[in-house]
Amino acid sequence: MRIGELAELAGTSTRTLRYYESRGLLSSTRAPNGYRTYDEDDLRLLRQIRTLQDFGFGLEETRPFVECLRAGHPAGDACPASLAVYRRKLAELDGLIGRLADVRDQVARQLADAERAAGPEAVPRCESTP
């Protein structure tokens, strides 16, 4: 299939495909007329990249998964390097979740302090006057 067909099937642009090719994540063969041609394996690689990016993986983080598929494995996460990326991403997410929980706790404390300071019968006086 040609680059436009692949882009349409993958839900991306031809520019993105050329960028992936320049980064070594996607490869094409050239038809006698010079057009790039791709096959179903390339579509599978693209779907793997897109899925991982939807999960928050950076483009370079997808490389081990792509290489795993290119090596003939049925799934991009069947290789040790892919599993290592999963582990790093989980650790990163755990750290983010921890930081978000800390921020949530701080906001909850600020709210509780503000409500205590206002008292039970406080009337809001923050309306703007014309």
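Modeller: Start with exposure: buried means under 20% relative accessible area, exposed over 50%, and partly exposed in between (1.4 Å probe, protein chains only). Glu 92, at 39% relative accessibility, therefore counts as partly exposed. This is a predicted model, where local features need pLDDT of at least 70, side-chain atom pairs count only at pLDDT 80 or more, and totals for chains, interfaces and linings use all residues. Residues are numbered from 1 along each chain as its sequence is written, and side-chain values use heavy atoms, with hydrogens and water left out.

Biologist: What forms a salt bridge with Glu 92?

Modeller: Side chains of opposite charge can pair when their charged atoms come close. The criterion is a side-chain nitrogen of Lys or Arg within 4 Å of a carboxyl oxygen of Asp or Glu. Here the partner of Glu 92 is Lys 89, with the closest N and O atoms 3.4 Å apart. Lys 89 is buried, at 6% relative accessible area.

Biologist: Where do Glu 92 and Lys 89 lie?

Modeller: Helices (H or I, at least four residues) and strands (E, at least two) are DSSP runs, numbered from the N terminus. Both residues lie in helix H5 (residues 80-118), 3 residues apart, about one turn of the helix.

Biologist: Which side chains meet at 2.4 Å, N to O?

Modeller: Asp 113 and Arg 116 do, in a salt bridge. They also sit in helix H5, 3 residues apart. Asp 113 is partly exposed at 39%, while Arg 116 is exposed at 58%. Elsewhere, shared partners join Arg 23, Glu 60 and Arg 63 into one salt-bridge network.

Biologist: How many salt bridges does a search of the whole structure find?

Modeller: It finds 6.
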